[in-house]
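Have the sequence and the structure open side by side as you read.

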Amino acid sequence: MPQIKKIRSLLLSSPYAEEGHPEILECFPNGAKRTIGMVEVTLDNGMKGLGEGYLAVFAPRVFESIVELCAPYMVGNDGFDLNQRVRDLCRVCDYWSLQGAARHVISAFEIALADAKAKSLNMPVHRLYGESDVEKIPMYGSGGICDSKEHFRAELDQLSELGIGLYKIRAEKDDICRTAWILEEAGKRGISVGVDMCQNLADPPQKVKEVADYVREIENLTQKEIVFLEESIGPADPDGFKALRRCVSPKVCGGEIITTPKEMIDRIHDHVYDFVQPDASVIGGIGAVMEVFHEAKLMNTEVVVHAWGGPVAIMASYHAAFAGGGNLVEFPMLDFPLGDEMLGESKSIADGYLKRPDAPGLGITLNEEIEKKYPFDETAVYSCKTLDRGKPSESYWNEI
């Protein structure tokens with residue numbers, strides 16, 4: 001079997017969204033630019049594979065350092081034995097990072113090896129993990145970080161053009177009129193709405209009663225229903241999610257920051273969520289997502305992959321969705337030119353559906369021209385210490 005010949009860590013930075021976008025004002029203190037971190041694996045048959053760990057968006061140098069630490073343990077070993085290589089990496093990292101940062105890096109290695117192996121075998125990555133008879137999966141638009149009606153309407157226009165009928169917005173417990181307004185506005189176009197309450201960054205996070213009150217007050221303003229509530233309770237409070245499921249009608253979901261399949265599977269068996277959101281670039285790679293799919297099916301729990309990283313992370317989660325038989329995937333809506341160039345035609349959307357990628361590997365393009373065009377910028381780092389962007393008052397949204 002082909003052996004691993006070389007490992008390379010690669011950081012690239014690209015324009016992201018635009019100056020003045022609410023997410024930029026809140027989380028990017030140095031301007032509208034975002035970094036991704038990748039692992040490039042070269043096999044001795046000449047084939048190269050790319051993997052990505054979501055960690056680099058937040059701590060690019062940490063990502064780079066862990067890759068450099070792990071690389072010597074990979075070189076010279078069988079590049080096709082993905083499970084054994086993941087076990088090797090866990091031996092290197094688990095003592096000091098059983099959960100957390102190192103798992104993002106392990107994800108990048110596993111995805112890169114899968115890409116190289118699939119290319120070597122002239123097949124798409126998803127076929128390494130199972131025979132998919134699904135040709136397309138419906139998508140939901142992931143945006144809704146909007147401070148004006150015009151911005152919301154522009155995103156709804158984008159979704160209408162793509163034929164996507166479900167829209168995820170970001171909202172906090174006090175955004176009652178704002179949420180009711182967008183439920184009505186989206187409903188005029190036949191688009192349903194889910195809400196990401198972003199409690200992964202909240203300290204302290206909101207309480208179950210606060211979320212239930214938020215839902216009830218919105219129900220008093222509109223007959224349009226919220227489809228799901230994502231990360232509406234703090235990630236360290238699984239009992240809170242269970243309690244919320246008992247007192248609200250929208251589906252309750254979460255899990256994008258969970259870094260081991262065991263933790264997510266434990267939550268599935270404990271009935272914490274209506275559906276779970278594993279991310280291949282976070283949880284340990286595509287194989288880890290497949291473990292989640294397997295157990296979720298046994299427990300009649302849906303799996304909707306999280307896809308908000310760079311192009312390699314997104315495609316890894318998409319391939320996992322096809323291999324696992326997913327019935328919904330995330331479509332990030334913010335502009336990211338580097339991602340568009342690397343994805344090319346591999347992310348093909350038609351009539352609201354993601355078409356199954358069937359090119360060899362992940363379907364990602366990386367060349368010297370792209371690397372030169374998007375050099376790493378030390379200042380392009382997502383800040384988890386969110387800034388107050390000065391949102392419009394609730395009275396602005398009173399027109400239902």
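## A pair of strands

Keep in mind that this is a predicted model. Start with β1 and strand β2, which covers residues 33-43: the two run antiparallel and are joined over eleven bridges. If you want a handle on how they line up, find I4, which sits opposite L43 in β2.

## The sheet around them

Zoom out a bit and you'll see that the pair belongs to an open sheet of three strands, ordered β1-β2-β3, with antiparallel pairing. The edges are taken by β1 (4-15) and β3 (48-53), each of which pairs on one side only. Going from one strand to the next, the twist averages 25 degrees.

What packs on this sheet? That's helix α2, residues 60-74, which touches β1, β2 and β3. The direction of α2 makes about 170 degrees with that of β1.

Is T259 buried or exposed? Its relative accessibility is 6%, so T259 counts as buried, the cut-off being under 20%.

So who are the neighbours? Leaving out residues up to four places away in sequence, T259 touches Q99, G100, R103, H104, V282 and I283. With G100 there's a polar detail to look at: a polar atom of the T259 side chain lies 3.1 Å from the backbone nitrogen of G100.

Definitions and conventions. Residues numbered from 1 in each chain as written. Predicted model: local features only at pLDDT ≥ 70, side-chain atom pairs only at ≥ 80, totals over all residues. Heavy atoms only, no water. Pairing = 2+ DSSP bridges. Helix = DSSP H or I, 4+ residues; strand = E, 2+ residues; numbered from the N terminus. Axes fitted to C-alpha atoms, helices over the stretch in contact; angles between N-to-C directions. Contact = heavy atoms within 4.5 Å. Buried < 20%, exposed > 50% of the residue type's maximum accessible area, 1.4 Å probe, protein only. Polar contact = N/O pair within 3.5 Å; in protein donor to acceptor, adjacent residues only side chain to side chain.
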